[in-house]
Amino acid sequence: MKLAGYVLPIDRADIDTDQIIPAHLLTGVETTGLGEHLFKGMPGGRELLEGAHPQADVIVARENFGCGSSREHAAWSLRDRGFRAVIAPSFARIFHENAYNNGVAPIVVAAEHIDGLLGAERLHIDLIDETIATPDGGTIHFTLDPLRKQFLLEGGYMEFMAKRIPRVRGWLAAKAS
Amino acid sequence: MPQSLFDKIWEAHVVEELPGGNALVFVDRIVAHEITTPAGALEIQRNFGDVLFDPKRIVAIYDHVSPAKDTETAIQGKILRDWAKRHGIAMHDIGQNGICHVVAPERGYVEPGMSLACGDSHTCTLGAFGAFALGIGTTAQAGAMLAGCLILQRPKVMKITLEGRLAHGATAKDLALYVIAQIGFKGATNHVIEYGGSTIESLSMDERMTLCNMAIESGATTGLCPPDETTFSYLRGRERQPTGEAFERNVARWRTLRADSGATYASEIVLDVSGLRPIVTWGTNPGESAPLDGTVPADASAASLEYMGLTRGTPLRSLGLDQAFIGSCTNSRLSDLRAAADVLRGRKVTIPTIVTPGSQAVKRAAEREGLHDVFQDAGALWTHSSCGPCLGMSMGVIAPGARCISSTNRNFPGRMGAGGRVHLASPAVVAASAVLGHIAGPEELAPVGAAEASVR
């Protein structure tokens, strides 16, 4: 699966989920329609999005993206606004999982690549091959979690879990006996 | 092979190894609150027949916006309440509720060796009991409600040994901020922190919860304190714990939950904390802190300084304040309120000060001791229990540029209100600062009655 690859560069580290979507906007019960709230908690967030390419679907940022609150609304708002990948040297654990479950690829690349990627207008990203083709003709390989990659590309986390129920019940029964 | 405490708990909960180094991990207890649970509950209702793996393992707690502030939050509460009723899930509703990380332990829903998950990052608080307690997203919580399990990569284990007794004036909050400063704001990402050492042994459960609460602020999956007599005596007699011999049998089992000698860790850190002094954050994450007696550091990041309206070298004590807040899952338990009340007794606050107990049970206990009188006599606002101003969601929001000293856990940009500036500190430091109107420690306050004495 290939992305359009238009980049929204955010040259910041530690972008926490309060910045991605602040708590006062977590009052709904649906997972859709949150794109309008994206980055409302970030200083300069609105200007950042206004300046983005209309088809921007990739964010490049620095380390520890998605730290803080567990709110899956962060991933929901990114997805709803059309973002399909975030490239960063590292992600906070909970956001990392939430991103996979919502079609937003958390792409980990070495910190040394970030300066170059922040400067790129467009990247060719192939989530199946796990490659980023850079404007200078180079290729960056990344690794997705092989199990979660399936959820990323096709969804199905809950279906996967539903199929595990008999096995879990069996494990529990064996443990109790 | 000798095992860490975490190794033992992890291996007792792995149902199945999955591709890519993942594991299907059984969840003994799910804590559900009104902000992150409804979407997952609706998903199961709409697409999976509204069948839960085991409602008895779930507890629902009306938590963040309690009581509801508008139609949307009322709907969140109603969905949680209706869902709990439909499935026979224990529910702690408005009036008997509070912050889930305060209510769950005080009612005895957490115990050593269990796995516990909640759609809330500060679930790590409950690692204080020697439980594997972690925050998760809504989808992961829904998966656990449906199938009893999470999919997790096995975290590495970081052993942090704390030695020495906390000196007068130093608190578990200062300890938490100190640990984060030592290992870094993201230094424990994908690690469980296994605490140990004489300091931990000397801490009460309230203090251990304060320490573990902020494990997530170094990126950790959770913090973990080895269960001991302090843990067992806290749990003895709690509402959801068995009584008599059944409880003592559990205690005998919990006593075996120790790291083996010779257990190996991904990393090990030993810190002597006997000289620890109060710490206050100056920046925009909990790792950006300095001693209360210190200054904004010379290597402070420009972005943090700009947001916080600070310059390098400024003494923290010189910073004027617009609001003070005592509360949150970090510091809203009875011992925290006592510490704040000890500072405020007989004194007056000079800035708007909000005191929010962590649960209605904490509130009642505090009022039986007259703490509500102390706070209100001092001119502070004494509220019902909730997350309160901590996350700028329901009440006590601060204005752009306003500076608030807070006993909470996050000083992120906009956390307590767009453009608001947050300094994290212990309840005693927050209380002293509320009296003086600038960042201050209790030792700066004139003795109570000194002013009257001089007039006479």
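Modeller: Happy to; we will go from domains to the chain interface and then to the backbone. This is a predicted model, where local features need pLDDT of at least 70 and side-chain atom pairs count only at pLDDT 80 or more, while totals for chains, interfaces and linings use all residues. Residues are numbered from 1 along each chain as its sequence is written, and chains are lettered from A and ligands numbered from 1 in the order in which they are written.

Colleague: Which domains does the assignment give for chain B?

Modeller: Domain bounds come from an automatic or database domain assignment. For chain B they are domain 1 (5-270) and domain 2 (280-452), and the C-alpha centres of these two domains of chain B lie 26 Å apart.

Colleague: How many residues of domain 1 of chain B are in contact with domain 2 of chain B?

Modeller: Two residues are in contact if their C-beta atoms, placed from the backbone, lie within 7 Å. By that rule, 31 residues of domain 1 of chain B touch 28 residues of domain 2 of chain B. On the domain 1 side, α6(B) gives the largest share, five residues; helices here are DSSP runs (H or I, at least four residues), strands are runs of E (at least two), and both are numbered from the N terminus.

Colleague: And what does the side of chain B that touches chain A look like by class?

Modeller: Ala, Val, Leu, Ile, Met, Phe, Trp, Tyr, Cys and Pro count as nonpolar, Asp, Glu, Lys and Arg as charged, and the others, Gly among them, as polar. In total, 53 residues of chain B are in contact with 42 residues of chain A. The largest share of the chain B side, seven residues, comes from α5(B). By class, that side of chain B has 25 nonpolar, 21 polar and seven charged residues.

Colleague: Now the backbone: what should I look for?

Modeller: Most residues other than glycine have a negative phi, and most peptide bonds are trans. Here a cis bond joins B:S66 and B:P67, with omega about -5 degrees. B:P67 sits in the loop between β4 (58-61) and α3 of chain B.
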